[in-house]
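User: I would like to go through this structure step by step. Could we begin with the strands and then turn to the helices?

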Amino acid sequence: MKQQLDDAERIPKATIDILKDQVFGFDTFFVTSQEPYEGGVLFKGNLRGKPAKSYEKITNRLENKFGGQYKLFLLINPEDEKPVAVVIPRQTLQPETTAVPEWFAAASFGLVTIFTLLLRNVPVLQDNLLSTFDNLELLKDGLSGALVTGLIIGVHEIGHILAAKESGIKLGVPYFVPSWQIGSFGAITRIVNIVRNREDLLKLAAAGPLAGFSLGFILLLLGFFLPPSDGLGLVIDPTVFHESFLVGGLAKLLLGDSLKEGTQLSINPLVLWAWAGLLINAINSIPAGELDGGRIALAMWGRKVSSRLSSLTIGLLGIAALFNDVAFYWVVLIFFLQRGPIAPLSEEITDPENNNIGIGIAILLFGLLVCLPYPFPFDPSQLTDINFDL
């Protein structure tokens with residue numbers, strides 16, 4: 001309580017009175033009570049008119065009275081699901097600085113990610129990781145796969161950058177996360193400034209997976225259609241396609257009767273390279289924490305629903321981690337680095353446009369199709385060959 005009182009004193013009582021009488025009003029937000037909140041003041045009351053219009057009016061009055069001294073937030077009170085207004089001194093919103101320069105840490109992570117992308121595409125080294133440094137020359141064999149998967153990841157990040165530029169959102173340097181299982185877990189990118197509303201957050205969060213999924217899906221189709229450049233291709237057991245509903249379904253549709261469990265198949269390695277890029281995008285589209293999927297969920301459905309969905313998703317991932325090492329490391333990554341909560345938006349009450357919500361839902365569903373297994377046998381005769389011994 002003492003800390004709360006000290007925080008409230010950052011906004012003088014005279015200023016609070018001006019906020020109540022001259023900044024807020026009957027036409028925007030009628031204040032009924034206030035209380036200290038995070039170094040500022042939380043005002044409860046009745047919101048009048050459309051939230052976006054009211055926010056604009058209140059912000060203009062706030063700037064006319066105090067310049068850029070204070071920042072306004074229009075949020076939903078989690079206790080009663082009613083709108084509240086929060087006014088906080090801008091000086092308390094300055095981003096924290098880190099001891100290690102951001103570019104240096106990001107470059108270090110990037111170099112390790114390049115290494116794991118190369119390593120992931122050299123099966124001989126994957127089988128014996130300790131031999132990697134004695135056989136570094138073999139890493140060149142993974143260059144093509146690393147370039148394809150890296151291209152999909154890069155297009156994902158470019159999608160975020162373009163959307164951020166359009167919405168006036170500032171992003172930090174992306175930290176690419178290495179993974180020896182799939183090459184990379186994608187990138188962690190901080191949002192440096194305050195996002196204006198849920199519409200802008202949705203556009204930002206969806207732009208990366210939308211770009212990555214689009215390119216990855218096109219390359220996946222090309223891999224199924226194009227013959228291997230060396231005429232031999234990559235020999236695999238078709239059961240590997242059971243690991244993804246999307247890839248397994250496409251394989252069954254495009255390869256037909258040649259796809260049979262237990263019968264080796266030669267494919268263009270572009271299929272596996274593109275699949276890895278799709279999986280990385282799908283993992284980042286999981287609706288949890290500060291992942292793209294978590295931001296998409298918050299933008300579409302608000303904090304209460306997205307928080308519950310995030311908890312459910314992390315719980316399911318925890319169960320999956322008992323059987324899958326990728327899920328295990330992803331749970332650890334979310335818990336320590338991407339758990340959230342997502343920083344407040346300037347105005348969180350207005351819902352995004354329906355067309356953008358449709359895109360967000362499509363991204364979450366597409367990611368689910370990439371991650372879920374394909375449960376049906378590729379060879380229908382296997383169903384009829386089952387002996388029922390009574």
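**The sheet and the helices**

Analyst: β1 and β2 form a hairpin with two residues between them, and Glu38 in the turn has a positive phi of about 50 degrees. Strands (E, at least two residues) and helices (H or I, at least four residues) are DSSP runs, numbered from the N terminus. The model is predicted, with local features needing pLDDT of at least 70 and side-chain atom pairs pLDDT 80 or more, while totals for chains, interfaces and linings use all residues. Residues are numbered from 1 along each chain as its sequence is written, and side-chain values use heavy atoms, without hydrogens and water.

User: How many bridges join β1 to β2?

Analyst: Eight bridges join β1 (residues 29-37) to β2 (residues 40-47), and the two strands run antiparallel. Two strands count as paired if DSSP finds at least two bridges between them. Within this pair, Ser33 stands opposite Lys44 of β2.

User: And how does β2 pair with β4?

Analyst: β2 pairs with β4 (residues 83-89) in the antiparallel sense, over four bridges. Here Val41 stands opposite Val87 in β4.

User: In what order do the strands of the sheet come?

Analyst: The open sheet has four strands in the order β1-β2-β4-β3, with antiparallel pairing. β1 and β3 (70-76) stand at the edges with a single partner strand each, so one side of each has no neighbour in the sheet. On average, neighbouring strands are turned by 25 degrees against each other, direction ignored.

User: Which strands does α2 touch?

Analyst: Helix α2 (residues 13-23) packs on the sheet and touches β1, β2, β3 and β4. Contact means heavy atoms within 4.5 Å. The direction of α2 makes about 20 degrees with that of β2. Helix α3 (residues 51-66) lies across β1, β2 and β3, at about 160 degrees to β3. Axes are lines fitted to C-alpha atoms, for helices over the stretch in contact, and angles run from 0 to 180 degrees between N-to-C directions.

User: Changing topic: at what angle do α6 and α7 pack?

Analyst: α6 (residues 143-167) and α7 (residues 198-225) pack at about 150 degrees, with axes 8 Å apart. They are therefore roughly antiparallel (under 35 degrees is roughly parallel, over 145 roughly antiparallel, 65 to 115 roughly perpendicular and the rest oblique). Among the residues in contact are Val148 and Leu151 of α6 and Leu215 and Leu219 of α7.

User: What is the helix content of residues 143-163?

Analyst: Residues 143-163 are 100% helix and 0% strand, with end C-alpha atoms 30 Å apart.
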